[in-house]
Structures are given as structure tokens and as C-alpha cells.
Amino acid sequence: MNLIQQLYNSFLSFGKNRAFCIDGKDITYFKFLEYINGIYNLIEKNISGKNNGIGIIAFETIETYAAFFACWFSGNYFVPINPKHPLERNKAIIKETGVKIVLTSKDEVSEIIYSGNVASLNIRGLKESGNKNPEESNGNQLLYILTTSGSTGVPKHVPINAKNVEAYCNAYFKVFPELDQKACVLQTHDHTTDASFTSYLLPLLKGACIYFLPEGQFKFLSIARMMLDKKITWVKLTPSVLAYLNPYIDDLDLKHIKYFGFGGEVL
């Protein structure tokens, strides 16, 4: 069974479980599928065929997460776009990665994605009931394109296909079989990084619940507050975040955390 079908089956199997918690509101896997269905249908109405690039303005909303999977289920790939990045960088990403349409869950993004010929579609609140089966796919299906920071020169666009992701997931679950539907996972990473992607894909394959960080708050204090208040059990951070949290660690009761992972920088 390919990765896309595994995801779809997981959403059905764990339908009544909490998939996400955002601003104190729980969203079940069944409800998450409704968001995916609505965006899936919108994609089909606006572009034809498969293997199309779809830009997604990466706000911290449930529609953003649903859009990622709607792209895959419709046989297309996504390109995450950070609304806080410079306009010229985002315009270049859209142009160079083959983006056909851009999806956004907020209105104030016109200048963020302006690229001449690319239409912007608002997916805020878009959802439809019923089950919509994913398109048939194989390991060579392109899933997403990430753009490097450009710290060594011109930013590079890195394509990731289903075979890459499936190999990562299989290896991860062999090392960490404890991740299951009881896990409460904190997602702390920027959506334009691989760390974000693996933070939500792995738990969703196992029926776990993912907690968002609230937007508009000081990130490092939000992480500390969420770990404490929500009894988070799985966390993955960059070491620099740990450095910021260091003054508060002694005052936090974190015995409920089962897994504390780090990556992206020297620990």
C-alpha cells in the first residue's frame, strides 16, 4: 500500500480521534477529512491533470494543513510559501517551481504571492462532507518542493517524492515504535522546512493529536506554556530553541514528555 493510501486509511480508521488542537478547539480526523475534501474539489475545478505545482501560503491554520494533503490526494505537489519572507523570494519560488495556483486561508496575501499569471484561491472555512478517494499514485509521485535558505548562494529547490517520504517514515517507526494514537505532539517548526512536515505527518499516520502554537505570541514562551499546559508527550525542537528555554526549564514540570527530539543544528 502506498503512502498516500496509508494516510487516507489512517484518517478513516482514527476518524473519531482528535487530529489537531488549535486555540483550544479539537478537530477530529473525520472533520479534517472534510477540510481536505473541500480543498481537493477546489483544486480539481481550477487545474486539470496531475503533477501540478500548488503554492500554499503557510499560515498556522487547519486549512493550511488540509491543503497539503488535498494536493497529494489530487495527485499534485505543494510548494510551501512563508508569508513573512521577502516578496522577491516568494515570487521567485512561485515562478521557478511550476506553481499553477496559490491557496491561502487568509485575505491579506495579494502582494505576498503576486507573480503575474498565478491565481490566488481562498480556502478559509472550505470543507465538504463525504469521502473522496485519493488519486492512484506510486513512489515516484512528487509530493513537495522545499527551497533552501540560500545561505551559500542562490536558494535551491529540492523535490521530495513519495518514495523518499515513505522510506523516512518506515525508518522512523522502526526506531520509535512507541508513537501511537495516545501521543500529544507539539508542532513548532516553520512550514517551509522538512522538520515541520515530519512533525505532523508521522503522528497523523498513527492517529495521534497535533497541537499548534498560537499565532502572534512570543514563540519560545508559547512552546514552554504548551508543553506544560497541554501535557505534551512528543516534542521536536532545534537546539537554539532549547537554549532560549533554558532559563525556564527548572520551573517546568515536564515529566509527562516521553520523547524530546532535536535536529537541524549542532546539539
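Predicted model: local features only at pLDDT ≥ 70, side-chain atom pairs only at ≥ 80, totals over all residues.
**Stop one: H1 and H2.** Select residues 3–13 for helix H1 and residues 29–46 for helix H2. Their axes sit 8 Å apart, and the two helices pack at an angle of about 130 degrees. Now show side chains: from H1, pick Tyr8, Ser10, Phe11 and Leu12, which meet Tyr29, Phe30, Phe32, Leu33 and Ile36 of H2. This contact is made up of eight nonpolar residues and one polar residue, with no charged ones.

**Stop two: threonine 61.** Next, jump to the loop between strand E3 (53–57) and helix H3 (62–73), where you'll find threonine 61. Is threonine 61 buried or exposed? It's buried, because its relative accessibility is 12%, and the cut-off for buried is under 20%. Leaving out residues up to four places away in sequence, threonine 61 touches Ile22, Ser105, Lys106 and Phe212.

**Stop three: H7.** Finally, select residues 194–205, which is helix H7. From first C-alpha to last, H7 reaches 17 Å, close to the 16 Å expected. Most of H7 is covered, with 10 of its 12 residues buried; among them are Phe197, Tyr200 and Pro203. Step just past the end of H7 to glycine 207, which has a positive phi of about 80 degrees.

Key: Residues numbered from 1 in each chain as written. Heavy atoms only, no water. Helix = DSSP H or I, 4+ residues; strand = E, 2+ residues; numbered from the N terminus. Buried < 20%, exposed > 50% of the residue type's maximum accessible area, 1.4 Å probe, protein only. Contact = heavy atoms within 4.5 Å. Axes fitted to C-alpha atoms, helices over the stretch in contact; angles between N-to-C directions. Nonpolar A, V, L, I, M, F, W, Y, C, P; charged D, E, K, R; others polar. Expected span 1.5 Å × (residues − 1).
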